[in-house]
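User: I would like to learn how to read this model. Please take me through its features one at a time.

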Amino acid sequence: MSKLIILGSASAVPDDAHENSHLVLKGDNDIVLIDCNGRPLVNLKQVGINFKTVSDMILTHFHPDHVGAVPQFMMASWLAGRSMPLRIYGLHHCLQRVEDLMMAFHWDEWPGFFPVAFHHLPEREGVRVLDNTDFSISASPVRHYVPTIGLRVTVNANGFVFAYSSDTVPCPETVRLAKGADLLIHEATGDEPLGHSSAAQAGAIAREAGAKRLGLIHYNVWGTESTHLIEEAKHPFGGPVFLCEDFMEIPLSNTEEFPGAT
Ligand SMILES: [Zn+2]
């Protein structure tokens with residue numbers, strides 16, 4: 001059965017219990033990493049995934065709390081003897097900078113490096129990212145400080161739909177991305193007019209989209225308490241809300257119980 005595993009749930013400032021937000025889709029055959037920050041190699045190991053088996057990596061936008069660990073991921077994979085190709089997907093704005101970052105490390109001179117293919121996604125709604133055995137994934141631009149994509153993932157085996165807002169203000173693009181989704185994971189950094197959303201705004205977006213469940217992610221943890229966010233989102237949403245926590249495993253199936261969902 002396919003799962004979504006939360007590898008990190010914090011906004012840009014992590015603490016000892018919360019890494020920066022990044023996720024992994026674990027199918028029966030395919031492993032897709034969504035953003036690469038914090039300690040992805042260690043976190044993947046903790047949830048029983050060998051980082052060498054990640055076939056695809058989707059980068060939502062070029063901010064350090066979303067792509068900061070890409071060079072380390074590359075170097076560790078190379079040193080661990082990876083030979084399997086890696087496919088990386090994102091907007092041109094992001095991938096061009098990731099390639100520049102890798103060039104700053106002279107990765108073109110690392111001998112015997114495994115094949116890496118960059119897939120530059122057009123900046124338009126509903127663009128196809130990838131189709132593999134387990135998942136069909138599309139992306140839409142959302143509204144953040146820099147060009148950013150949200151994701152819509154369909155589980156091929158059962159039709160379950162999971163949408164991920166990434167970092168964004170409340171916007172109609174996210175509503176369309178999450179239309180009728182079984183699960184929406186929406187950021188809840190706080191009400192910042194230019195780049196983020198509050199928990200209440202995430203709840204309103206989930207309601208407008210007709211999502212069945214809402215998980216809050218990318219919330220502030222440094223010196224602050226976050227459990228009140230659930231109530232804040234519940235009121236406008238009216239459906240089950242939970243707070244994503246690091247290492248939470250979420251079944252991508254309507255026949256399984258959702259951890260923490262109330
Ligand atoms: Zn962020």
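Analyst: Start with contact: two residues touch if their C-beta atoms, placed from the backbone, lie within 7 Å. Axes are lines fitted to C-alpha atoms, for helices over the stretch in contact, and angles run from 0 to 180 degrees between N-to-C directions. Helices (H or I, at least four residues) and strands (E, at least two) are DSSP runs, numbered from the N terminus. Here, helix α4 (residues 92–104) lies across β5 (86–91) and β6. Its angle to β5 is about 130 degrees.

The model is predicted: local features need pLDDT of at least 70, side-chain atom pairs count only at pLDDT 80 or more, and totals for chains, interfaces and linings use all residues. Residue numbers start from 1 along each chain as its sequence is written.

User: What is the strand order of the open sheet?

Analyst: Strands pair if DSSP finds at least two bridges between them. The seven strands run β6-β5-β4-β3-β2-β1-β14, with mixed pairing. β6 (116–121) and β14 (249–251) each have a single partner strand, so one side of each lacks a neighbour in the sheet. On average, neighbouring strands are turned by 20 degrees against each other, direction ignored.

User: In which sense do β1 and β14 pair?

Analyst: Antiparallel, over three bridges; β1 spans residues 3–8. Ile-5 stands opposite Glu-249 in β14.

User: Which residues of α7 are buried?

Analyst: Buried means 20 or more other C-beta atoms within 10 Å of a residue's own, with C-beta atoms placed from the backbone. In α7 (residues 228–237), they are Leu-229, Ala-233 and Phe-237. Their C-beta directions from the helix axis cover an arc of only 55 degrees, which puts them on the same side of α7. Their cover includes α6 (199–209), β12 (214–217) and β13 (241–243).

User: What follows α7?

Analyst: Gly-238, with a positive phi near 85 degrees.

Definitions and conventions. A residue is buried if 20 or more other C-beta atoms lie within 10 Å of its own, exposed if 12 or fewer, and partly exposed in between; C-beta atoms are placed from the backbone.
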